[in-house]
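Here are my notes on the model you sent over. Have a look at the structure first, then go through the points in order.

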Amino acid sequence: MIRPSEDQEFYELLSPTALPKASGFLWNEKMMIHVNCRGYVVAQFMQPEPAKYSHAPNLEAKTFMQPEQPYYAHHPGRFLYVKDEESGEVFSAPYEPVREQADQYTFAIGKSSMVWRVECKGIHVEMSLSLPREDALELWRVKVKNLSGAPRKLSIYPYFTVGYMSWMNQSGQYHEDLQAIVCTSITPYQKYQDYSKIKEFSDKTFLIAERKPAAWEVNQEVFEGEGGITMPSGIRDQELLSKGDARYETPAAVLQYRIELAPGEEEAYRFIFGPARDEEQVAQIRSNYLLNTNADGEDGFTAAEREYDRYIREGRGRIEIATPDPDLDNFVNHWLPRQMYYHGQTNRLTTDPQTRNFLQDHMGMSYIKPQTAREAFLIALRQQNANGAMPDGIILHKDAELKYINQVPHTDHCVWLPICLSTYLDETNDYSILEEKVPYADSEETESVFEHINKAMFWLMNDRDERGLNYINQGDWCDPMNMVGYKGKGVSGWLTIATAYAFNVWAGICESSGHPDKAKEFRADAQKTNEVVNQYLWDGEWYARGITDDNVKFGISTDREGRIFINPQGWSMLSGAADQEKQSKLMRAVTEQLETPYGVEKLAPSFTSMREDVGRVTQKHPGSAENGAVYNHAAAFYIYALYTVGEKEDAYRLLRKMIPGPELEDIVQRGQLPVFIPNYYRGAYGQFPRTAGRSSHLFNTGTVPWVYRCLIDGLFGLQGCKEGLQIKPQLPAGWKEASVKRDFRGARLHIVMKKVPGLDAIEVYADDVLVTDGILKDLQPDNEYQVLVNIPDEI
């Protein structure tokens, strides 16, 4: 029922009902579309803020993408009705809205396209979606084939929802000269000052057809009639659609084609769906994509599909693996780098990404397009204040402003600068970035990146209470932990620990860049911070999450809910706060209290009611999001920490739980195909096991670069360093062999790792020459190297 295609280019689902929310996503730098197996979509484009061109049936508030997106009969979608003109029977593809059970069904998620293949009542329908590289458009192909032994008379009805566009002004009509339905609206506004912002918006939604239809309908209510969306009266009761328009009525884009197919005969159609400013732009799009051809004789539509596929493949990862786990191989080789590339290339399609997200997403981009990551770090530092503080969000467009959560003060953003930059330096060895001169946001002063990060570290050093614990204000990495420190006294246990880790990371960079005195200074403060952590936050078996404005410690053994949080435990291993005895205790506590079949929970037990000295995180449903879900971003931190201290078995077990499957039962419970890591899986496993494991289906997450780090630095131990490539794998006990192709600083390494009985230590051979320290040095760009790694069997 669930499988990768033979060429590994697609992941296929063979039922529309077994995993009804199974989905994939496509994007370019102007739009994103999230499509599920039944034909429902969530799509947005940038103008410059996110906007929609395919709406719900009533006016929606502007919100983020929703976790565990609910779908309903009139949810935005892309559908095709098929009517047998002789029998009157009707079905729809991909599955909605008619919900007729198909004889055969395939939903295939590809890297640059989505494909549905449906066989029903002797008719085969194939629908495929791709995007251009540049424009905010959907490119659709539809094929209809007669599989029966007799001629068939059919009507097919592409139905692209437009929905409720505007309470001010909405309409729609078919334009014969454009061979397109064009629906028009005006974005509502109240203040006259806002008119200048909205007057250039792309407030039209169009459906362009390559082939002239026999009829059309633009009025949703007329099309559906008494039959409703599952059996529209326009299809059931009429030979031809009524060629209607919409006049301050909810528009739809419905076309009708009447065809006769001999046995085995096929007809093909192409459509373009998207937003536009005016009819002139629609005409230009039609000309560019369907009428004009290039030197190779390709029209714009075909050329755009090919160019988009090439664009997506630019996001190839830096490792290609072959292990005893083929499902892991498929995910790591094909899907994980794609998700990481999406984040770094689009900045999550927002004009003011949270600073922590922006930096971590480009930590991931360091593996794919390091020059893009380099520029991103400089963009972020240009928005730093001269006192070292980083803003809550990074402005990426001249008209953008800080919105939503970025208007709430958080205190963790400086921490991410050295942590994320370290990956860039590991991959590129480009220490010249530290000498780049960068201005501050609130000063005419220009200083080097090195001095900028020094100031960020000193800001963390100074933003502390009398005990030496870092203030939390209205949140740290955990956005909704907004009431711990709003009075100005509450502190974050996690942030204090993370600050010690950041100091140690920055000290290492200082040493490698010729600043030994600074390195000594920051290592000393990291040690001092760790001592403070152990004095005030160690609870006997694990570390507390924080201390409130009223001096109440939380995340401790006496708490009924929120007794243990994952982040302080993992980061204490990274920072060095936890010695061997504390590591053993806290890992046991995590295993016993936080680990589930679907991964490690963020906290437990989940809060079941508001705790006013912690904040709105406690108001979220138990086991959802930050309130005790398997919040994969936090889980990835913990896994990375386990690899850092050599706990490879626990690390791999938890890493593998991030990916749905391989057992069918596990995939069904999560409801998601293994083509991305979601923001979270439901937690509260001990409280509400029925819903535990359900995927949020949100593919926006800071998890993915950390998982890639876990693979490269930890599992396969192929981490860059100043001298070259350090090889120190941590394969799980059950693996006897693995191979990795690793792209590193322009060189291509073919690495075979083997467990060898009786060996005392890891041996590394490069082109048959023993590398005594395990570090491959002087690797030359464009050269290939054969590397053998012998690993003691007992390791």
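1. Start with helix α13, where the buried residues are Ile-566, Asn-567, Pro-568, Gln-569, Gly-570, Trp-571, Ser-572, Met-573, Leu-574 and Ser-575. Buried here means under 20% relative accessible area, exposed means over 50%, and partly exposed is in between, with a 1.4 Å probe and protein chains only. That is 10 of the 10 residues of α13 (residues 566-575), so the helix is largely enclosed by the rest of the structure. Gly-576 comes after α13 and has a positive phi, near 95°. Helices (H or I, at least four residues) and strands (E, at least two) are DSSP runs, numbered from the N terminus.

2. A word on ground rules: this is a predicted model, in which local features need pLDDT of at least 70, side-chain atom pairs count only at pLDDT 80 or more, and totals for chains, interfaces and linings use all residues. Residues are numbered from 1 along each chain as its sequence is written, and side-chain values use heavy atoms, with hydrogens and water left out.

3. Now a loop residue. Asn-551 sits between β25 (546-547) and β26 (553-554), and it counts as exposed at 53% relative accessibility. Its side chain makes a polar contact of 3.0 Å with the side chain of Arg-467. (A polar contact is a pair of N or O atoms within 3.5 Å; within protein, one must be able to donate a hydrogen and the other to accept it, and residues adjacent in sequence count only if both atoms are side-chain atoms.) Lys-489 is 62 residues away from Asn-551 along the chain, yet their C-alpha atoms are separated by 8.0 Å.

4. Next, strand β14 (residues 170-175): five of its six residues are buried, so the strand is largely enclosed by the rest of the structure. β14 runs antiparallel to β15 (residues 180-185), with six bridges joining them; strands pair if DSSP finds at least two bridges between them. Gly-172 stands opposite Cys-183 in β15. The two strands form a hairpin with four residues between them, and Gln-179 in the turn has a positive phi of about 50°. β14 is also joined, by two bridges, to the antiparallel strand β18 (residues 246-247), where Arg-247 stands opposite Ser-171.

5. Which residues are closest to the centre of the second largest pocket? The pocket holds about 860 Å³ of space. Of its 31 lining residues, Asp-426, Tyr-640, Asp-713, Gln-719 and Gly-720 are the closest to the centre. A pocket is an open set of points on a 1 Å grid over the protein atoms alone, where a 1.4 Å probe fits, with protein on both sides within 12 Å along at least five of seven lines; lining residues have an atom within 4 Å of a point. The volume is the space filled by probe spheres set on the points. α11 gives the largest share of the lining, seven residues.

6. The side chains of Asp-713 and Tyr-640 are joined by a polar contact of 3.0 Å.

7. Finally, the record. An unreviewed UniProt entry places "domain: Glycosyl hydrolase 94 catalytic" at residues 317-717; such annotations may be inferred rather than shown by experiment. That span is 45% helix and 8% strand, with its end C-alpha atoms 16 Å apart.
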